[in-house]
Amino acid sequence: MKKNIYNLLILIAGIAILQACLEETPRYYDFESYEFSSLDENGGNWKTILVSNPSEILLTAPDPINSAAYQAELGEVKNMNASLSSSERRAVEYWTSNPVVRWNEIALEMAAKYNLIPGPNADGTYTLPNPANPVGPPAFPFAHPPYTSRMLAYLSVAQYDGLVLAWHYKFQYNRLAPYRQDPSIRPAYPENGLPSYPSHGAVVAKVSKEILTLMFPLEANVLEKHYQEHLKSMLNAGINVSSDLDAGIHIGEEVVKLAKARAASDGMSKAQTPKPISDSIANAAFERFGWKWQNTETPQRPVGLTPLFGRVKMWHVPTVEEVRSPPPPAIGSPQFEADVKELEGFARHMTLDQRRIANWWEDGLGSYTPPGHWNKFAKLSIVKNKLNPLRSARVFAYMNTAIMDAGVACWDTKYYYHYPRPVETIKGFRTILGTPNFPAYTSGHSTFSAAGAEVLSFFFPENAQQFRLWAEEAAVSRIYGGIHYRFDATEGTKQGKLVGTYAVNKAKEDGAL
Amino acid sequence: MKKFYSSVVLLAILYLYHIPSLQAQMPFDEIMMPKGEFCVAGIYEVSKWNQYWEGDYLRGNANIGTLTRQMLMPMVAMGLTKKINLIASLPYISTDASGGTQVGQSGIQDLSVSLKVDWLQHRVGTGRILFLTNTHISTPVGTYLSDYMPFSIGAGAPEIGMRGIAGYKLDNGLVFRMAAAYLWRGQTEIERAYYYQNGSVYSSFMNVPNALNIHGAIGYWTLDKRLRLEATYMSLNCLSGDDIRSYNRPQPTNKMEVSQVGIWTQYYIKADRGFGAIAYFNQTISGRNMGKAASLGLGLTYQFKAY
């Protein structure tokens, strides 16, 4: 019997060893707060994207540091800073000195949570998510790639413009951080010379909470919780006093007003059309080209995904027509047949490497979408290069506006040509990836990715080759997945690259170089 | 992950090494074979479902239609000693959906090796009380992807299971049997670097939940112990995990639960050596994050004395 117990112990020990060998499954990017590679003292003069007249957003001067009010605030921070509970310490570590990264991650998580396509009702009809009744079912929103690209664009632009204003007043009023006023306050993050009034963290917290609540109304409580935790963490960290936060919140509020006004009138509310309009778009293409895409699900969805997303207001491209792709090869043409043959070949035999590429880039339903994938790349480069929050927001803002512009351009092309998917043109064709609910040409993944790569290559030239390789891989992944012809991918990459250069040209002249 | 697999193998070796100084057929039944006895078997199983549980909501999905899963499983069992039997199996599985446009998957699934130990046989009344254990270890072989659910052919994770089997075997051929196993499951490597499981996960590994697995049977041996008939019950309950999200596909992290009732018959053509045949049928009666499957299995066994 002793022997048996011994054996059992070995088994238990073995399981414990195996448990220790498991890979981590992190919920966020765990990085050490770092010293910023630059402070950008002139950042307050950089050109904003959304705010057309930054001098109209005013911030009154702070109380002098020898005032009773300020000294009381300083005392409050000193007390908090000296007696952190373990959960407060965790929050301080979580938010880091670059909270732009965390709010971006929160946005991606919400995109993944809401990226669920509504299923059919019992009678075979479909109900669309409705912002007037966000609870649903189905819940609002369906955070598909166009929706997510737009959500990220507004979030990043509001963060960036708010931070430009914050930088402007920081260096105008030059009030140093609490830990510089009182050496007994120990900053939780590496010290920097940034004036603390207004708090840049509070700007980011305020605009992020408001924009994300607009985009994900059912998450209002969760966002409020993140917001309060973030604000408190800045006092606990000894980097701001409460009037710094209030000033940041004020700037955030002003920027959010402008962002909301633009979002209300950018055409997104009309992007998901009723069936008669959708049918007329399809028929127009059929008359022009002799083909039209149709949804292949059972029961058939009456309308494709956001047929008029191509009409939504762009950020950097004056008219969508100038970035519309040339016509695709006609069905039955030699190039079409060659590309079909290629698809049939992959379906017959796929290497493990091809399968891996198709899945790594799938970014399909339930995921953070291709724009999310590129935000992850941006985040890693931002941390690697130790960018300050202002520079980080600038990267996200130009990349996400370029990615949204790419989505608008791609969707315009998709519904203009209305090109059928491989499962429609190839008899009996079956795929490893699900076929999306919109026309094939050009490939969204290719367009989003090439635009993202173009902007990231501008900001991080040392990694340009890698970004462009990734964009190529994202494009080709859709061919391996069986849901795009090669010409969808090739033309999509060209289109994304072209759209990306509009954003890069703006960034080159924004005064930040 | 390589490190992980080598430790699985190491653990198996360690465990096997320690067991022989102590004093079969299916890993969950009470049957033992004498030392030197060998049984080889081939089992074909087909199972189908056209409804599945999304969380606890039973639904159909016309883009899957009916999902058919076929399995061909070679198996060997051998009597290492009178009290210790070894069982190994390696199934080939293929899946196919009648609806939608997505392709089914096929390939070799998991190699499973288990040791069954007969601990106790005690006469009580007009029968014997039995207690056995079965310890198994299984690991995916080949290159199948667990993340193609519901088309994927397996969970893609290593598994270690400890099962206790208790029974009462009457002299008149009636058998009552209950088996309970704890299944420890490791991780499955997927090809995405991000997935959602009640929040973001930045990893290409998914934790497959541990599970409790129950088998119950009332059996009857007749025709000079050549025919075995059983009414069976099986349940598997993951102890953690998330639900399939609305109209979304399943993934290996899901909290899967299933219970089935079935019948099992086994016929030895000539006593307990030589050829035998197996037939069984199982019907899923409840579940969570699983298909409501009915499955039919047919098998051929051949038993002989090797040494």
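Chain A of this predicted model is divided into domain 1 (43-54 + 77-264) and domain 2 (270-508). The C-alpha centres of domain 1 and domain 2 of chain A lie 29 Å apart. Their contact takes 33 residues from domain 1 and 35 residues from domain 2 of chain A.

**Domain contact in chain A**

- On the side of domain 1 of chain A that touches domain 2 of chain A, helix H4 (99-114), helix H5 (145-173) and helix H7 (200-215) each supply at least two residues.
- H5(A) gives the most to that side of domain 1, with 13 residues.
- By class, the side of domain 1 of chain A facing this contact has 21 nonpolar, eleven polar and one charged residues.

**Nonpolar cores**

- The largest nonpolar core has 147 residues, and the members that touch the most others are A:Ala107, A:Ala158 and A:Met399.
- Helix H14 (residues 389-417) of chain A provides the largest share of this core, 18 residues.
- Domain 1 (43-54 + 77-264) and domain 2 (270-508) of chain A both contribute residues, so this core lies between them.
- Setting aside neighbours within four places in sequence, A:Ala107 is in contact with A:Met151, A:Leu152, A:Leu155 and A:Leu212.

**Annotated region and helix H12 of chain A**

- An unreviewed UniProt entry places the feature "domain: Phosphatidic acid phosphatase type 2/haloperoxidase" at residues 396-504 of chain A.
- Over residues 396-504 of chain A, the chain is 72% helix and 0% strand.
- The end C-alpha atoms of that stretch are 12 Å apart.
- In helix H12 (residues 352-360) of chain A, the residues A:Ile357, A:Ala358 and A:Asn359 are buried.
- The buried residues of H12(A) pack against helix H17 (464-480) of chain A.

**Loop residue A:Arg301**

- A:Arg301 lies in the loop between helix H10 (275-289) and helix H11 (334-348) of chain A.
- A:Arg301 is partly exposed, because 19 other C-beta atoms lie within 10 Å, whereas a buried residue has 20 or more.
- Leaving aside neighbours within four places in sequence, A:Arg301 is in contact with A:Tyr126, A:Asn295 and A:Asn437.
- A:Arg301 and A:Pro146 are 155 residues apart along the chain, and their C-alpha atoms are separated by 18 Å.

**Backbone exceptions in chain A**

- Most residues other than glycine have a negative phi, and most peptide bonds are trans.
- The peptide bond from A:Pro137 to A:Pro138 is cis, with omega near -5°, and A:Pro138 is placed in the loop between H4 and H5 of chain A.
- The peptide bond from A:Phe140 to A:Pro141 is also cis, with omega near 0°; A:Pro141 lies in the loop between H4 and H5 of chain A.
- A:Asn174 has a positive phi, near 50°, and is found in the loop between H5 and helix H6 (178-181) of chain A.
- A:Asn174 is exposed, because 11 other C-beta atoms lie within 10 Å.
- A:His418 is not a glycine but has a positive phi of about 50°, and is found in the loop between H14 and helix H15 (422-425) of chain A.
- A:His418 counts as buried, because 25 C-beta neighbours lie inside 10 Å.

**Strand pairing in chain B**

- Strand E1 (residues 37-49) of chain B pairs with strand E20 (residues 294-305) of chain B in the antiparallel sense over twelve bridges.
- In this pairing, B:Val40 stands opposite B:Tyr302 in E20(B).
- E1(B) is also joined by twelve bridges to strand E4 (residues 67-79) of chain B, and the two run antiparallel.
- Here B:Ile43 stands opposite B:Met73 in E4(B).
- Strand E8 (residues 110-124) and strand E9 (residues 127-140) of chain B pair in the antiparallel sense over 14 bridges, with B:Asp110 opposite B:Pro140 in E9(B).
- E8(B) and E9(B) form a hairpin with two residues between them, and B:Gly125 in the turn has a positive phi of about 65°.
- E9(B) is joined by twelve bridges to strand E10 (residues 159-170) of chain B, and these run antiparallel.
- B:Ser138 stands opposite B:Glu159 in E10(B).

Key. Residues numbered from 1 in each chain as written. Chains lettered and ligands numbered in written order. Predicted model: local features only at pLDDT ≥ 70, side-chain atom pairs only at ≥ 80, totals over all residues. Buried ≥ 20, exposed ≤ 12 C-beta atoms within 10 Å, placed from the backbone. Helix = DSSP H or I, 4+ residues; strand = E, 2+ residues; numbered from the N terminus. Contact = placed C-beta atoms within 7 Å. UniProt positions renumbered as here; feature names shortened; annotations may be inferred. Domains from an automatic or database assignment. Nonpolar A, V, L, I, M, F, W, Y, C, P; charged D, E, K, R; others polar. Core = buried A, V, L, I, M, F, W, Y, C linked by C-beta atoms within 7 Å. Pairing = 2+ DSSP bridges.
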